[in-house]
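Subject: Structure handover and findings

Dear colleague,

Here is the structure I promised to pass on. My notes on what turned up in it follow below.

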Amino acid sequence: MKKTIALWVALTASALLAAGCTAERPAAPASAPAPRTSSVPSPAPPAEDGAPGAPADTAAAYRKWGLDPLPAPPAPPAVKPVVRRPGQPVPVISEIPTREKVVFLTIDDGAEKDPRFVAMMKDLGVPFTMFLTDAAVRTDYGYFDPLVAQGHGVANHTLTHPNLRTLSPDAQRREICGQQQKLAKRYGTAPRLFRPPYGNWNEATRAAAGTCGVDAIVLWRESMQITNMQYQRGDRKLHPGDIVLAHFRGPAELKGRTMTEMTATLLRRVREQGFTVARLEDYV
């Protein structure tokens with residue numbers, strides 16, 4: 001009799017296993033995802049708020065450009081540390097108040113239009129903000145379309161790149177508002193950030209920027225040269241929240257170096273000091 005019962009139990013268990021279930025295992029909840037059996041990696045999730053997305057294989061993308069990967073940036077702050085207060089002048093900033101080891105990459109003018117730079121930024125997913133001057137880009141706004149599509153920020157750098165301190169308040173307003181209108185027409189949204197050419201501004205500049213819808217005037221703490229950064233501080237080091245200036249420049253201005261070579265050098269200098277690059281628009 002015991003042998004008969006044992007045989008019956010064994011046969012029943014075999015049938016249950018063949019059916020893909022066991023008597024003791026509870027059913028998975030309806031919301032549980034099915035186990036992944038394919039070796040093909042999942043696609044990366046889309047970037048939020050227009051932020052550039054990280055490539056699927058970050059290490060391989062960096063190796064392609066002769067670089068080691070930057071650390072992943074921290075999550076954006078829940079509350080932006082730089083805001084334009086109602087009724088207050090437009091803030092003027094050279095750095096972002098943060099303790100995180102992040103810096104912010106900004107690239108000015110738009111004269112050099114190297115297609116390899118577009119490919120580089122797509123591969124690396126490093127965020128930056130481009131401050132565009134109409135006089136430098138008017139013949140080929142289309143070059144910047146894929147960079148905008150990648151999620152990089154568009155900001156205002158005037159129509160003709162004058163020294164604003166030499167202009168009347170009305171002339172300053174025409175330079176700033178005129179470029180706001182052109183960029184809004186091209187990209188669908190008026191820029192929130194403005195950089196005065198040469199970093200030269202006065203109170204008339206702040207007033208004009210405010211009437212044109214600008215939320216912050218953005219200066220810088222470091223500027224990228226051909227092989228190294230030029231620092232404003234005596235310790236010659238990056239600090240948390242520093243804004244770094246570069247330009248759309250090519251071999252004629254970089255003594256034979258390309259823009260991608262300059263950018264690679266900049267990213268090496270950032271990594272050597274233990275920093276990474278975050279998206280400026282997430283903090284302002």
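A residue is called buried here if its relative accessible area is under 20%. Gln-180 has 4% relative accessibility, so it counts as buried. Please keep in mind throughout that this is a predicted model.

Some totals for the chain come next. The protein chain has 284 residues, of which 43% count as buried. It contains eight helices and 10 strands. Among contacts with a separation of 6 or more, 73% are between residues 24 or more positions apart. The accessible surface comes to about 15,400 Å², and carbon and sulfur atoms hold 55% of that.

Back to Gln-180, which is part of helix H6 (residues 169-187). Leaving aside residues up to four places away in sequence, Gln-180 touches Asn-156, Ala-190, Pro-191, Cys-212, Gly-213 and Val-214.

The other item is the aromatic residues. Five aromatic pairs were found in the whole structure. In one of them, the ring centres of Phe-117 and Phe-128 are 5.6 Å apart and the planes stand at 65 degrees, so this pair is edge-to-face. Phe-117 sits in helix H3 (residues 115-124), while Phe-128 is in the loop between H3 and strand E3 (129-132); the pair therefore ties together parts 11 residues apart in sequence. Both residues are buried: Phe-117 has a relative accessible area of 0%, and Phe-128 has 3%.

Phe-144 and Phe-248 are also edge-to-face, because their ring centres lie 5.4 Å apart with the planes at 90 degrees. Phe-144 belongs to the loop between helix H4 (134-137) and helix H5 (145-149), and Phe-248 to the loop between strand E9 (243-247) and helix H8 (259-272), so this pair ties together parts 104 residues apart in sequence. Phe-144 is buried at 0% relative accessibility, and Phe-248 is buried at 2%.

Regards

Conventions. Residues are numbered from 1 along each chain as its sequence is written. This is a predicted model: local features need pLDDT of at least 70, side-chain atom pairs count only at pLDDT 80 or more; totals for chains, interfaces and linings use all residues. Side-chain values use heavy atoms; hydrogens and water are left out. Helices (H or I, at least four residues) and strands (E, at least two) are DSSP runs, numbered from the N terminus. Buried means under 20% relative accessible area, exposed over 50%, partly exposed in between (1.4 Å probe, protein chains only). Contact means heavy atoms within 4.5 Å. Accessible areas come from the Shrake-Rupley method with a 1.4 Å probe; for residues, only the protein chains shown count as cover. Rings of Phe, Tyr and Trp (its six-membered ring) pair if their centres lie within 6.5 Å; planes under 30 degrees apart count as stacked, over 60 as edge-to-face and the rest as tilted.
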